[in-house]
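Trainee: I am new to this structure. Please take one part and walk me through it closely, then show me how other parts are built.

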Amino acid sequence: MTDTARTARTGVPERPSLDGLEETWSRRWQEEGTYAFDRSKAAVRGRGEASDSPSPDGRSSDVYAIDTPPPTVSGELHMGHVFSYTHTDLIARFQRMRGRTVFYPIGWDDNGLPTERRVQNVYGVSCDPSLPYDPDWRAPDAPVDDAARKNPTPISRRNFIELCERLTVADEQVFEALWRRLGLSVDWSLAYTTIGPVARAASQRAFLRNLARGEAYQSEAPTLWDVGFATAVAQAELEDRERPGAYHRLRFHAPGGREVLIDTTRPELLPACVALVCHPDDERYADLVGGTVRTPVFDVEVPVRAHPLAEPAKGTGIAMVCTFGDLTDVTWWRDLGLETRVVIGRDGRLLPEPPAGVPARPYAALAGQGVNAARRSIVQVLADAGDLVGEPRPITHPVKFYERGDRPLEIVSTRQWYLRNGGRDTALREALLARGRELRWVPEHMRHRYEHWVGGLTGDWLVSRQRFFGVPVPVWYRLDDTGEPDWSQPLTPDEDSLPIDPSDDVPAGYDESQRGMPGGFVGDPDVLDTWATSSLSPQIAAGWETDPDLFGRVFPMDLRPQGQEIIRTWLFATVVRAHLEHGVLPWRTAELSGWILDPDRKKMSKSKGNVVTPMGLLEQHGADAVRYWASTGRPGVDLAFDPAQIKVGRRLATKLLNASRFALGLGAADALRAAATEPLDRAMLAGLAEAVTTATTAFEAYDHTAALQATESFFWRFCDDYIELVKERAYGTGAGADSARAALATALSVQLRLFAPFLPYATEEVWSWWRYGSVHRSPWPTTYEVSRTIQGEGDPALLRLASDALGQVRRAKSERKLSMKAEVPLAEALGPAALLDQLTLIVDDLRAAGHIGKLDLLPDRTPELVIACAF
């Protein structure tokens with residue numbers, strides 16, 4: 001083991017304490033660059049090359065690169081973040097101690113809707129792009145009251161963006177303080193933001209290359225639309241929520257006076273009706289297929305068509321197709337080549353004018369109303385006309401929402417940008433499924449979620465958003481002589497000019513005076529979906545096209561840690577971008593976190609109001625204690641939040657300080673690398689070697705919990721049994737005492753390093769008492785290191801035997817309510833002869849630890865070991 005004189009030894013304190021360690025060591029680690037990435041020690045890697053296999057001696061100088069999740073800073077960190085980010089840090093610390101040059105950056109996801117909503121709520125403002133920039137405008141003191149939130153002050157786009165930038169900087173400082181206190185071993189010099197110039201340039205560069213290769217395209221099409229946020233939403237951002245509704249039975253009119261009844265939950269969409277659809281095998285309506293019926297109230301003629309998605313057992317078996325009520329409507333509209341009659345606008349209200357072919361007079365009762373009001377109005381009109389059959393029947397049904405929204409989604413027709421993702425391309429879909437099979441999944445069953453998502457895609461990735469604080473879509477459009485844009489030939493910038501904002505910057509060959517003028521140009525007003533930028537987190541962090549040397553050393557990366565719920569968004573999107581741009585997976589391994597559950601075993605979430613924020617727990621119990629709790633949860637497995645486990649973690653860290661102080665007080669520091677000659681000492685070290693093997697194997701399998709269990713289990717036996725058994729001998733002189741101190745020294749050194757990923761502060765503190773450098777830069781322990789201290793052979797069973805015998809003596813004293821220091825004048829050891837022969841090897845240590853005056857060995861009297869004490 002190499003001691004590098006970077007941190008001088010501090011000596012053993014009289015009363016060691018966990019208090020204050022976070023502040024002390026966080027500062028020291030930053031000052032000394034303990035976790036800094038040293039690119040000079042990272043070999044340049046071939047594309048797709050793996051670096052998960054260390055050299056035979058367990059040491060490797062190769063890079064280990066982590067694509068750390070950039071947390072959204074428009075909110076509060078909660079225990080779920082602490083849980084998953086601790087898991088990542090455990091792997092980073094283990095790999096660093098294994099000799100890898102660890103590339104461990106941190107990013108902040110600060111663009112997009114969450115940040116805008118937070119700015120609106122905190123400052124009581126709204127963005128109005130029509131307003132001019134006001135350089136003298138000043139934000140109100142935050143937070144504002146509810147009245148200001150309900151009546152926000154409109155400000156220009158540029159003023160709004162400046163306010164977003166100001167708030168995210170403050171939020172990021174709060175997040176960084178918490179991560180530093182938790183002890184994340186990231187290299188803070190590698191920090192990036194998804195709205196920063198490097199990320200904006202990378203995101204725009206990737207988009208422009210997608211566009212040049214035909215992978216990005218524009219289309220005017222039905223779009224899922226969040227009315228509250230006033231933006232398009234992608235398929236991956238949807239969630240179903242159970243909501244109350246009602247079936248309304250409407251009477252359509254067929255030729256010959258025949259009535260056709262349909263059930264619908266969206267009667268307000270009646271003016272958008274373009275067809276009725278039944279199943280091809282439904283004989284009830286077979287004679288109607290190919291003909292037409294007339295809508296109630298509006299008396300519009302619509303065709304009757306057959307489609308296999310129609311459900312004969314649902315409602316009356318024939319459905320109203322509207323443009324657009326839900327995604328099935330879109331499918332029917334597209335497959336059957338139906339007309340388009342859009343009635344709902346981007347503001348969630350029915351348009352002021354009816355679509356072509358729909359009479360204005362009955363439509364006037366609905367024009368301009370919100371969806372709910374229009375529903376009430378049309379129901380009354382239907383009832384008055386005699387075309388509402390019976391009363392509405394209440395139901396509860398799933399309704400699609402944007403995952404961050406609070407109003408049901410509508411489907412409106414808009415022009416948007418899309419990125420090909422296999423939803424409409426079988427070859428690309430199969431290639432992306434193959435990428436999923438190349439990837440190592442931890443746990444393995446998470447791969448099925450990826451495959452289910454990719455296999456179920458119904459369309460390409462919608463990447464444009466009608467918002468303000470994001471990465472601008474980097475294109476302009478020529479305006480013809482009438483001022484209409486030419487969507488087919490977007491104007492693009494050179495990559496060297498990135499990042500750009502087409503709302504402020506001017507395309508080559510034009511000047512600002514031509515903006516918005518016939519014959520001039522107009523910038524694309526939209527921004528890219530936040531996932532379109534964060535899906536490039538490996539490229540952004542690795543210096544793609546800006547630092548080729550770094551990129552060649554760290555990309556593709558080794559590990560993507562993330563939440564299971566964003567496999568369909570972040571993980572899949574990152575695979576798509578790396579596959580299209582580089583032809584490789586972006587990393588070798590994906591480690592998925594479970595969820596944090598409350599004491600009632602319910603998932604913690606902000607919407608349920610059962611989240612626990614971590615800073616108070618860190619202040620009360622310390623980072624090591626909180627990390628211990630997080631470490632007890634395996635990847636992909638849910639873990640209940642349990643304050644009792646945090647207290648266990650604090651007791652463990654405290655015990656580590658005190659046991660280390662005791663061992664060093666016996667002179668262990670001066671006995672490092674000396675030989676352990678006594679049987680009990682050799683037995684303890686042999687057991688320690690087993691713990692090293694188990695912990696190492698577990699970490700290599702990304703099972704940090706098993707590594708902790710092996711380390712902790714050995715530690716408590718070491719403290720409760722071994723130290724008690726040898727401390728009297730260690731206080732003495734001679735060969736026996738030297739052996740005990742040598743064993744204590746090796747055991748302490750090895751256990752500090754085994755615990756280092758889990759309890760970084762306590763282990764660093766103890767290490768500083770007697771070693772040089774940082775424990776976190778010291779090599780991971782090996783069985784060779786332990787075995788070279790053992791002179792001869794060591795049998796772990798011997799320590800277990802000694803522990804059993806000492807435990808029986810302790811129980812005998814406890815039953816008599818005697819002090820553990822009470823003398824036992826006479827004790828008898830009964831058991832199989834072979835077992836007692838083993839006991840003779842450690843009999844002196846047992847007598848000393850048990851304060852036994854005389855110990856008689858009586859072989860073959862009992863089938864198992866029995867220690868009988870006489871008082």
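Trainee: Which residue of E16 is the bridge partner of Trp-225?

Mentor: The partner is Glu-410. Keep in mind that this is a predicted model.

E16 covers residues 410-419. Most of the strand is covered, with 8 of its 10 residues buried. Buried here means under 20% relative accessible area. E16 has a pairing with strand E7, residues 216-226. The two strands are antiparallel, and 10 bridges link them. The pair you asked about, Trp-225 and Glu-410, is one of the bridge pairs involving E16. E16 also pairs with strand E18, residues 461-462. That pairing is antiparallel too, over 2 bridges. There, Tyr-418 sits opposite Leu-462 of E18. In a regular strand, side chains alternate between the two faces of the sheet.

Now place the strand in the whole. The chain has 871 residues, and 56% of them count as buried. It holds 26 helices and 29 strands. The C-alpha trace spans about 110 × 65 × 55 Å along its principal axes. Take the contacts in the chain with a separation of 6 or more: residues 24 or more positions apart account for 79% of them.

Next, a helix with one buried face. H11 runs over residues 447-455, and Arg-447, Tyr-450, Trp-453 and Val-454 are buried in it. Seen down the axis of H11, these buried residues fall within an arc of 125°, so they line one face of the helix. An α-helix has 3.6 residues a turn, so residues three or four places apart point the same way. The buried residues of H11 pack against helix H10 (426-438), strand E17 (440-442) and helix H15 (567-582).

H22 is another case. Among the buried residues are Trp-767, Trp-769 and Trp-770. The list also includes the charged pair Glu-764 and Glu-765. The packing partners of these buried residues are H1, H2 (79-97), H5 (157-182), H17 (623-631), H18 (643-665) and H21 (735-755).

Look at one of those partners, H1, residues 21-32. Its axis and that of H22 (residues 760-770) come within 10 Å and cross at roughly 75°. On the H1 side, the contact uses Leu-21, Glu-22, Trp-25, Ser-26 and Trp-29. On the H22 side, it uses Pro-760, Tyr-761, Ala-762, Glu-764, Glu-765 and Ser-768. The residues of this contact divide into 6 nonpolar, 2 polar and 3 charged.

Finish with a sheet. This open sheet has 3 strands in the order E28-E27-E29, and its pairing is mixed. E28 (852-859) and E29 (866-870) are the edge strands, each pairing on one side only. On average, neighbouring strands are turned by 20° against each other, direction ignored. E27, residues 824-831, runs antiparallel to E29, and 5 bridges join them. Glu-828 stands opposite Ala-868 in E29. Helix H24, residues 796-815, packs on the sheet and touches E27, E28 and E29. The direction of H24 makes about 35° with that of E29. Helix H26, residues 843-850, lies across E27 and E28, at about 135° to E28.

Notes
Residues are numbered from 1 along each chain as its sequence is written. This is a predicted model: local features need pLDDT of at least 70, side-chain atom pairs count only at pLDDT 80 or more; totals for chains, interfaces and linings use all residues. Side-chain values use heavy atoms; hydrogens and water are left out. Buried means under 20% relative accessible area, exposed over 50%, partly exposed in between (1.4 Å probe, protein chains only). Helices (H or I, at least four residues) and strands (E, at least two) are DSSP runs, numbered from the N terminus. Two strands pair if DSSP finds at least two bridges between them. Axes are lines fitted to C-alpha atoms, for helices over the stretch in contact, and angles run from 0 to 180 degrees between N-to-C directions. Contact means heavy atoms within 4.5 Å. The arc is that of the directions from the helix axis to the C-beta atoms.
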